[in-house]
Amino acid sequence: MSDLKATVAETKRGFHVEGYEKIEYDFTFLDGIFNVKNNDLAKCYERWGRSLAVMDLNIFNVYGEQMQTYFDHYNLELKIHKTMIGEKAKSMDTLLSIVDSMNEFGIFRKEPLLVVGGGLVTDVAGFACAAYRRNTNYIRVPTTVIGLIDASVSIKVAVNYGNYKNRLGAYHAPMHTFLDFTFLRTLPEAQIRNGFAELIKISTCAHLETFNLLDKYCEELIRTGFGRTDDASQEVRAAADEINRNGIYEMLKLETPNLHEIGLDRVIAYGHTWSPLHELVPEVPLRHGHAISIDMAYSATLANMRGILSNEEHKRILDLFSRAGLSMDHHQFNEEILDKGTKAILRTRDGKLRAAVPSPLGSCRFLNDVSTDEMYAALRKHKEIVKAYPRNGEGLEAFVDSSDTGYTINNKPVETELPGANGTNGAHNQPSVLNDNTNGVVNGSKVQNGFTSKPSVATKNASGPEGVNGLRKDSVQKGVMIDAGGQTDVMVDYSEGYSNGYRN
């Protein structure tokens, strides 16, 4: 939340306004945010007696009933806007669909929207709140590693425009962020790996102790969802908790003095010099973690060529990316994309490259004097080096799928029939859905540009890939079958016709 204090004074030729904005928001570590024994979230909505939640479809499918039970327990009305946001749908159309639900719900001036999902969901819904009446409160419950470690830390909210990430956005702080790492029990391993890259980012340039822990426990952290699966050892769980807390705290220490990015030399921009463009270049976009890993690995090679990163540390960084199954290269990361990415980032960074590189490992320096010839030479060397690694340096599950987006499979929506997580049961307790952007067909009519002209009832919900459904195969506990199709009061539904993040 923010509070502005300002004064006005007369001058000889007019007036002078001077103001200072106070920004304050809290983070709470809380395993089991929707456990009825934890009243922290409920207390945030006592005043209103209700909540409108913007919720990722995959999370709704697993936790929707448990969430409804939680709000029922505290006698709070719950309405849900279901959404599926991949990089190609991180757009103004998606934002406006959230605004439609806020209008229909009749949200009050200071009433907080509840946002439950990964970083893409919190980015778009947060921007909707920044735009709605110019300043609407919201509470974040991130559910992915990227959401918990990276997106939850910043107050930046945005949508993509054209082929550029986060081109339209704002700085808008939430009232509160709840950090519940038990969501990682049901997160696909590909998404765990995706978020692992953000921890490599912060540790490589700012926190050597965390890098050492990532290096020591890499494979086990990914396999066990950062120590949250039942078969995780206490040693791995303890290491994961230390990594997560240190990573978030280090990010906050770096970001807090520069919340509005007035200072453009940013340590946490390591991996974000060329990735904002090349992430969206492939027909199916790269996952964010893989895109920044390519950028980070290349930047480390550039630093090594300059003699400011030792051969040993350079190899250690590349080895960790490889062990984690993260990308260090792909065929479309070439001189043309490097050149376009450089021109784009120079505009973003006010005419300077400001490329963050590790020097030495655990510390950072910024490069502004890199010539085109030097960048091309580093690219050639980098591609030659990574050929010695498994898969020629390409990552595992590097491109987005429906665990990122929830979009339809082969243009056909998938019926929602997923076991509940955390032992939820009681099929009679169906969540109330206000707006469902999950099918694209409303009463047999195709929705245009994400909108329909009248209230209607959805009959199906898109989910993850067949046999996966956007969940970790080894972590879904037995529970009730959730089928929201035809069972809830749905206003709008528009995801059919999407495949792999593209509108067909």
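Are Trp274 and Tyr298 buried or exposed? I looked this up before anything else. Both Trp274 and Tyr298 are buried, where buried means under 20% relative accessible area, exposed over 50%, and partly exposed in between, with a 1.4 Å probe and protein chains only.

**Ground rules**

I am working on a predicted model, in which local features need pLDDT of at least 70, side-chain atom pairs count only at pLDDT 80 or more, and totals for chains, interfaces and linings use all residues. Residues are numbered from 1 along each chain as its sequence is written, and side-chain values use heavy atoms, with hydrogens and water left out.

**Aromatic pairs**

I searched the whole structure and got 12 aromatic pairs. Rings of Phe, Tyr and Trp (its six-membered ring) pair if their centres lie within 6.5 Å; planes under 30 degrees apart count as stacked, over 60 as edge-to-face, and the rest as tilted. One of the pairs is Tyr70 with Tyr74, with ring centres 5.1 Å apart and planes at 55°, so I logged it as tilted. Tyr70 is buried at a relative accessible area of 0%, whereas Tyr74 is partly exposed at 24%.

I then returned to Trp274 and Tyr298, whose ring centres are 5.2 Å apart with planes at 80°, so this pair is edge-to-face. Trp274 lies in the loop between helix H8 (234-255) and helix H9 (275-278), and Tyr298 in helix H10 (residues 288-305), so the pair ties together parts that are 24 residues apart in sequence. Helices (H or I, at least four residues) and strands (E, at least two) are DSSP runs, numbered from the N terminus.

I also noted one aromatic cluster, formed by Phe34, Tyr45, Tyr63, Tyr70, Phe71, Tyr74 and Phe183.

**Charges over rings**

I counted a charge as over a ring if NZ of Lys or CZ of Arg is within 6 Å of the ring centre and within 35 degrees of the ring normal. Arg50 lies over the face of Phe105, 3.9 Å from the ring centre. The charged end of Lys253 is over the ring of Tyr249, at 4.7 Å from its centre.

**Strands**

I traced an open sheet of 7 strands with parallel pairing, in the order E3-E10-E7-E6-E4-E5-E14. Two strands pair if DSSP finds at least two bridges between them. Strand E3 (26-29) and strand E14 (433-436) are the edge strands, each pairing on one side only. Strands E6 (residues 113-117) and E7 (residues 138-142) pair in the parallel sense over 5 bridges, and Leu113 stands opposite Tyr138 in E7.

I looked at an antiparallel case as well: E11 (residues 355-358) pairs with E12 (residues 364-367) over 4 bridges. Val357 stands opposite Arg365 in E12. The hairpin of E11 and E12 has 5 residues between the strands, and Gly362 there takes a positive phi near 95°.

**Cysteines**

How many disulfides does the structure hold? I found 0 disulfides, a disulfide being a pair of cysteine sulfur atoms within 2.5 Å. The sulfur of Cys205 has its closest cysteine sulfur in Cys364, at 4.1 Å, which is too far for a bond. Cys205 is buried at a relative accessible area of 4%, and Cys364 is partly exposed at 22%.

**Helix H4**

Among the buried residues are Asp123, Phe127 and Cys129. After H4 comes Arg133, with a positive phi near 50°.
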